[in-house]
Amino acid sequence: MSVSAISIKGVNKTYEGKIEALKDINLDVEEGEVFGLVGPDGAGKSTLFNILTTLLLPDSGQIKVFLMDAVRDYKSIRQIIGYLPGTFSLYPDLSVQENLDFFAVMYKSDIEENMSLIEPIWKQISPFKDRKAGKLSGGMKQKLALCCALIHRPSILFLDEPTTGVDPVSRKEFWDILKSIRQQNITVVVSTPYMDEATRCDRIALIQDGRIIGINPPQTFINNFKGKLYTFKSENIFSLLKVMEQCPLNCNYYPYGEHCHVAFYEDMQEALPKFEAFLQEHHQTYETITPIDPSVEDCFIEIVTHSN
Amino acid sequence: MFSIEANQLTKQFGTFTAVDHISFQVNEGEIFGFLGANGAGKTTAIKMMSGLLLPTSGTAMIAGFDIRTQSKLIKRNIGYMSQKFSLYGDLTVFENMQLFGTIYKIPRKELKDRIMNSLRELDMEKQADTLVDSIPLGWKQKLAFATAILHRPKIVFLDEPTSGVDPIVRREFWKLIYLAASKGVTILVTTHYMDEAEYCNRISIMSEGQIKLIGTPDELKKKMEVNTINDVFVKFVKR
Amino acid sequence: MKELRMILKKEFIHIFRDTITLALVLAMPIALVLLFGFTISTDIRNAKISVLDQSKDTQSKTLVNQLSASGYFQVVSYPHNELEIDDDFKNKGIKLAIIIPPNFEENLSKEGNATLQVINDVSDLNVASILNNYVRAVVQRYTADYNDNSSRGSAFDITVKMLYNPESNSVYMFVPGIITLIMVLVTALLSSITLAREKETGTMRMLLITPVKKIYIIVGKVIPYMIISFISTIAILVISVTVFKMPINGSLLMLLFLCIIFMLTAASFGMLISSISRTQVDAMMITMMGLFLPTVLLSGFLFPLNSMPMVFQVLANIFPAKWFILAIKDVMIKGSGFFDIWLYLLILFVMAVVFIIFSLSRLDKRN
């Protein structure tokens with residue numbers, strides 16, 4: 001049995017007596033996995049990150065990071081975690097090299113010793129090592145921050161929305177880097193508001209309004225999808241949206257990119273002809289209605305819609 | 001007549017060419033996705049199209065006005081919304097809309113009616129006197145969009161409007177965009193998120209200051225022989 | 001310790017790469033001293049005075065001669081009674097009158113002390129206070145000479161009794177005042193802004209998440225700005241002494257030690273401020289309202305404290321500047337040593353310790 005890298009039991013957090021940021025959070029992260037915290041902005045991801053990185057105390061509940069208590073043993077936890085915040089948080093007036101040197105010393109770590117770990121990333125930014133960090137491009141900044149967060153060879157790496165505002169190519173690169181970090185036996189906890197990135201994780205927790213609405217490997221979410229999902233393309237999405245409000249079938253309809261997704265909770269043999277008849281009756285032009293495998297985003301929508 | 005018509009639009013900063021002879025047209029009521037990697041020149045192009053920056057060469061007609069000579073008229077006829085800056089958190093919903101409405105010189109009496117109408121569409125009438133800071137992010141985004149179209153612009157520029165918003169609210173947001181487009185408002189959206197790009201009627205992908213690809217999402221996917229716009233983007237930039 | 005050295009290195013990089021701020025910080029004190037210095041010193045050469053010499057003996061004449069020889073004063077009239085002094089103020093435009101009591105020499109030699117009365121023109125308090133201090137300086141020198149030459153070897157005092165402005169400030173009050181302001185500005189304001197900047201940009205979180213000791217973070221912020229403001233202080237002193245011939249009556253080492261202690265207090269105050277502010281703007285506003293204004297208004301630098309309502313006199317005690325100004329005046333003007341000002345030093349030091357402890361407790365408060 002592998003050790004739990006992180007174990008969270010019954011964590012609650014309320015800000016200034018009003019806003020409930022986290023409600024009864026329970027989750028375990030296993031050693032060596034890439035764990036995704038997936039949910040929209042304001043769902044409580046950052047609060048949970050602040051608590052896990054010991055920067056914030058929970059109101060109640062228990063958090064263990066490699067069996068150390070996040071409230072009491074926070075100093076020991078800080079030795080073994082690396083943290084990449086959501087916004088660029090290095091010194092913009094220090095050069096790339098100076099930033100790395102600085103954090104290496106802060107972590108009482110030796111750059112040479114851990115070079116093997118960061119080398120693949122460092123190689124990409126070392127040509128700019130005398131450039132001030134503030135003058136780097138977004139992707140480069142991100143890589144430098146990652147080097148600084150890894151320089152002490154942490155056991156767990158926390159990444160707070162590392163791909164927000166990053167273009168698709170850099171995002172893909174970034175996820176590839178995370179894979180390689182994981183191979184170094186570093187547990188990775190990453191948050192993202194983007195459902196399409198969820199499949200890159202070993203397991204994900206969907207989080208909404210301060211609550212965890214499901215923890216599973218992405219594929220399990222997809223397997224657990226209750227509805228029968230169909231997709232089709234419509235000539236006029238806006239007119240379709242209006243018409244769908246009157247649909248008599250038990251279904252959940254939403255646009256999905258340039259397509260429309262309908263999750264039916266019916267016997268499809270009867271429902272599908274009924275649905276087509278309904279569309280024709282309301283003068284909708286559309287292309288073939290085909291079944292499709294749900295994405296994590298479809299799962300999120302289903303879970304949230306059903307819990308309401 | 002096109003709503004946006006760029007003709008060899010170019011901007012150089014010293015020796016660096018940020019926007020390199022781009023030409024494209026957007027129809028009235030079209031939802032146009034303006035994509036590109038960081039630093040591809042999107043922001044510069046939008047600044048020129050909204051009359052904030054003069055081009056080095058080339059020109060563009062925005063809602064029928066020349067960006068070189070009629071920037072004042074352009075500003076009156078466009079709306080702008082970005083996730084970074086949209087509304088004042090310490091003003092109420094109503095006060096925010098009133099403020100922007102007044103800036104665009106909407107007559108006072110009419111302004112109140114328009115605000116109330118728009119809040120009714122958003123189903124936010126009860127929140128009129130709530131501070132913007134205390135409403136959920138998704139609602140803020142919808143409100144910001146409603147505010148950006150309060151003066152009935154012909155074109156709205158949306159700069160990463162819904163990144164980080166939950167999938168359900170995001171769909172509600174797009175419903176508002178479709179509604180506006182169905183009334184003839186032209187929408188130009190920038191985004192890094194390709195699922196958002198798929199909501200657009202047509203998209204363009206910029207790289208190194210040039211528009212390298214343009215077409216409907218389906219056309220581009222067929223052309224690049226992939227299944228998603230994300231793959232289109234990745235495949236295209238890798239080349 | 002390696003961490004502290006690294007933090008210091010980083011802070012100095014911040015300082016030296018921000019050349020505009022650095023230039024401003026170094027040039028401002030010099031500009032301030034020159035500005036204050038020249039506006040004040042223009043009309044205090046050859047100030048017109050009257051002397052009512054009721055003794056007319058050798059010693060009183062020597063004193064009057066020394067007054068005129070000082071270059072500060074020009075004796076334009078020798079009135080015969082106090083009524084005539086009033087006339088001189090009205091008609092001859094004198095700035096100051098000195099009354100030497102009868103039997104001056106006799107009192108000096110027999111009783112070892114004598115009293116001089118100084119009457120000021122209160123229409124210009126600033127000039128009056130400057131002149132009073134010139135009088136003090138001349139009299140001090142005169143006393144010293146007298147004691148040296150006195151074969152009897154018995155020391156004596158002359159008490160200068162000021163009318164109208166008995167608690168006058170030093171002529172060179174502006175120098176300690178400017179030193180205070182500079183130290184408050186440079187150490188407290190800049191250090192609090194840089195710490196707040198780290199909070200604002202998120203680098204503070206990165207620091208806190210490392211195992212580095214919190215005290216290093218604070219000390220690393222405090223020391224660089226103390227050094228910069230120390231350089232400024234030296235510059236102010238050099239200009240004051242060379243350009244404005246300001247005397248430093250106490251020991252220079254004592255003065256510098258005092259300045260270092262005050263810088264520490266000011267920088268700790270800066271840390272305290274940044275520990276309660278979230279942004280650089282907050283830090284700046286709080287420093288201005290909570291430190292800069294009280295320093296200007298309540299330290300006794302511009303406005304004499306004892307002419308203020310009781311509330312403010314009491315309030316002034318909680319601001320470090322008051323104690324520093326008391327101490328620096330004593331050292332520079334009275335020539336006081338460590339044993340005269342140890343209490344002030346202690347107060348300043350205790351304040352610094354309290355501020356630092358408080359900011360440490362707020363730095364990583366986790367809730």
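1. A crossing of two helices is left-handed if the near helix is turned anticlockwise from the far one by less than a right angle, and right-handed if clockwise. By that rule, helix 3 of chain B makes a right-handed crossing with helix 4 of chain B. Helices here are DSSP runs (H or I, at least four residues), numbered from the N terminus.

2. This is a predicted model, in which local features need pLDDT of at least 70 and side-chain atom pairs count only at pLDDT 80 or more, while totals for chains, interfaces and linings use all residues. Residues are numbered from 1 along each chain as its sequence is written, and chains are lettered from A and ligands numbered from 1 in the order in which they are written.

3. In chain B, the axes of helix 3 (residues 93–103) and helix 4 (residues 108–122) come within 10 Å and cross at roughly 135°. Axes are lines fitted to C-alpha atoms over the stretch in contact, with angles from 0 to 180 degrees between N-to-C directions. The pair is therefore oblique (angles under 35 degrees count as roughly parallel, over 145 as roughly antiparallel, 65 to 115 as roughly perpendicular and the rest as oblique).

4. Residues are in contact if their C-beta atoms, placed from the backbone, lie within 7 Å. Helix 3 of chain B contributes Phe94(B), Met97(B), Gln98(B) and Gly101(B), and helix 4 of chain B contributes Leu111(B), Arg114(B) and Ile115(B).

5. Chains B and C share no contact, and their closest C-alpha atoms are 16 Å apart.

6. Between chains C and A, the contact involves 20 residues from chain C and 22 residues from chain A. On the chain C side, helix 1 (2–17) and helix 8 (203–209) each supply at least two residues, and helix 1 of chain C gives the most, seven.

Notes: Contact = placed C-beta atoms within 7 Å.
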